[in-house]
Amino acid sequence: MAADLDTMLTSLRGMKVELMISCTDLVDLDTMTKSDPMCVLFVKSMGKWVEYDRTESIKNTLNPKFEKSFVIEFDPRTYHYLRFSVYDIDYNNAKLELQDYVGCVDLNFMDIVSTKDALYTCNKILRVQESSKPRGTISITSELMTETRDIVNIHVAAHKLDKSKGMFSKKNDIYLEISKELSRDSGNYQPVYRSDVYPKSNKPRWRPFSFNLQKLCNNDWTRNLKISCYSSQKFELIGQVPTTLAELHNKDTAKTDSFINLPLKNPKDQSKHKWDLRIIKFRVDRQHSLIDYLRGGLHLNLMIAIDFTASNGSLNDIHSLHNIRDLDANPYLHTLETIGRVISDFNFDRKLALYGFGAKWNDKEYPSHCFPLSGDKTAPYMRDIEDVIQKYKEILPVLTFSGPTMLAPIIDRAVALEESQNTSKEHQVYTVLLVITDGVINDMNNVMKRLIEKSHRALSVVFVGVGPADFSLMEHFSDNTGFLKLEKTGRLSERQNTHFLPYRKDVEEPERDMMMKRDVMTVLSKHVLQFYKNVEPNKPRLRRHDQLNSVPWEAILATPHVEGRDNLTRSKSRISIMTVKDTKPMCPTCGASIDVSKTGRTHTSH
């Protein structure tokens, strides 16, 4: 038996496992409404629990089925300890200590995978320490992932709403949900996609979307799927239709109209249907990777912008963020060494544009919000990241830190740089602006407007927040918060083209560096593939040996499909409400509040 287990473990080595999460009968920690649950996965590393990933939060339910899943690469040499913690999200903040703690369960990796079946479901009771009272049930379904590079592109609309009430019939806020059956003919479905809410309409037409076939059906074209429409007011099912990927493909091939028509039926009334789903676009494409484009000659141009505002502190202050007496404690320098270097390694031209903002330079009377550190506006380029670091050290003593933090001129300069590249199918170039700042920007509306207006360009902006400032407003730029939106006009960006990540001092240096590199390369890979989704990579080109060796292929190949590790990911269809609660006892491990009334006693450890 032990020999069979060892053989099985060896065969699983390097395989990726998807963990799909749902909960039932969660304890209700809200007074006027139901809880807004979110699941967070922790892994044990060096004797400490470290956050690995988190799901979206789902509003007003005690029986959530999370769209976001966890992906773990299996290594039999590592004894995986996992903790699944559920929180009630009441505050629009990524910090878990601000949320209410529902409960957790600790498991070994082998507790949630099967030695016989590729798909296995494990049901466990959620509890808090020092109390045996159950706080709900968590279901963890593990499935060995079938790697595929195919993606499905879908554009869906709804038609023919039942108008029995005439012109006075109520229009609903509608969202779309696609689910896959967990095991054959089980009738148990797990959501894989939820759309944005389409407001007040009898004929909703949702934004086109696409995702990998592994996420949809684990590359099984005959796996049962279910497409459903819900009213967001009461999360009430309007109608649903069963199908498979193969069935949709066959209908698309044989269609006579410009769309696939699918009748929606409500399980409570099978005799009639109120809606028809119209699949306007259905296409399965091969998904290329960033490596394919790089090998075909794609250039990643890097522009770096550094914050020299007075809020960083004087150079004479030992606590200054631009401290040049203790360079190991300088977060700007460390960000250049890590994120700047990993991006610049993909720039084969070795030309890095380096700018500063928020300081007086060249003895000018007023501060500049976009100036080249080279001192020459016609030649802002550095040869490599070493030149960038050296120029940064040289210019610090001659600058006069000022303010405010205005980023619109930097965005304009990055757009001008991108437009000068003349990107085409044959000449594939993508520009990345790396902004390192110590606080919230003061011209947020102008920056949002420019980023939305230029979201169709081959440009991404990565914001890195350093220092102790409150960066909660900057989380609007995080890739996992969805499309940018102008509140006054409601205009959305055409695609995701920004990302924000904080420079975390609470994480040990090697782990922090790897986390930041992976986070940035995951997002940039996603942005590049979104921009070039309708453009094939060019044929692989021969490059100099030193260029090929400089590319950190392992940084991409080892990049896990993890989103929202440091930011609060929210369901696009069910957004948690914000409420104010009385202070409750806190969990000493994560700092979350514990509702004593639900447990009868507090807990002292996880």
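**Charged pairs, a cysteine and a glycine**

Modeller: Asp-220 is partly exposed, because its relative accessible area is 27%. The model is a predicted one.

Biologist: With which residue does Asp-220 form a salt bridge?

Modeller: A salt bridge needs a side-chain nitrogen of Lys or Arg within 4 Å of a carboxyl oxygen of Asp or Glu. For Asp-220 the closest N and O atoms of the pair are 3.2 Å apart, and the partner is Arg-184.

Biologist: How many residues apart in sequence are the parts that Arg-184 and Asp-220 tie together?

Modeller: Arg-184 lies in the loop between strand 10 and strand 11. Asp-220 lies in the loop between helix 2 and strand 14, so the pair ties together parts whose separation in sequence is 36 residues.

Biologist: Is Arg-184 buried, partly exposed or exposed?

Modeller: Buried means under 20% relative accessible area and exposed means over 50%. Arg-184 has a relative accessible area of 48%, so it is partly exposed.

Biologist: How many residues apart are Lys-180 and Glu-18?

Modeller: The side chains of Lys-180 and Glu-18 meet in a salt bridge, at 3.5 Å from N to O. This pair links distant parts of the chain, with Lys-180 in strand 10 and Glu-18 in strand 1; the separation is 162 residues.

Biologist: Are Lys-180 and Glu-18 buried or exposed?

Modeller: The cut-off for buried is under 20% relative accessible area. Both Lys-180 and Glu-18 are buried.

Biologist: In which helix do Arg-341 and Glu-337 lie?

Modeller: The side chains of Arg-341 and Glu-337 meet in a salt bridge, at 3.0 Å from N to O. The two residues are four residues apart, about one turn of the helix, and both lie in helix 5.

Biologist: Asp-173 is buried yet has no salt bridge; how far away is the nearest side chain of opposite charge?

Modeller: Asp-173 lies in strand 10. A salt bridge would need the two atoms within 4 Å. The nearest side chain of opposite charge to Asp-173 belongs to Lys-200, at a distance of 4.1 Å.

Biologist: Which backbone atom lies 2.7 Å from a polar atom of the side chain of Asp-173?

Modeller: Leaving out residues up to four places away in sequence, Asp-173 touches several residues, including Tyr-198, Lys-200 and Tyr-230. The atom at 2.7 Å from the Asp-173 side chain is the backbone nitrogen of Lys-200.

Biologist: How many disulfides are there?

Modeller: A disulfide is a covalent bond between the sulfur atoms of two cysteines. The cut-off is 2.5 Å between the sulfur atoms. For Cys-23, the closest cysteine sulfur is that of Cys-39, 6.0 Å away, which is too far for a bond. The count of disulfides comes to zero.

Biologist: What is the relative accessible area of Cys-23?

Modeller: A residue is buried under 20%. Cys-23 is buried because its relative accessible area is 2%.

Biologist: What distance separates the C-alpha atoms of Gly-403 and Tyr-366?

Modeller: Gly-403 lies in the loop between strand 23 and helix 7. Beyond its neighbours within four places in sequence, Gly-403 is in contact with Thr-309, Gly-358, Pro-367 and His-369. Gly-403 and Tyr-366 are 37 residues apart along the chain, and their C-alpha atoms are separated by 9.6 Å.

Methods:
Residues numbered from 1 in each chain as written. Predicted model: local features only at pLDDT ≥ 70, side-chain atom pairs only at ≥ 80, totals over all residues. Heavy atoms only, no water. Buried < 20%, exposed > 50% of the residue type's maximum accessible area, 1.4 Å probe, protein only. Lys, Arg positive; Asp, Glu negative; His and termini not counted. Polar contact = N/O pair within 3.5 Å; in protein donor to acceptor, adjacent residues only side chain to side chain. Contact = heavy atoms within 4.5 Å.
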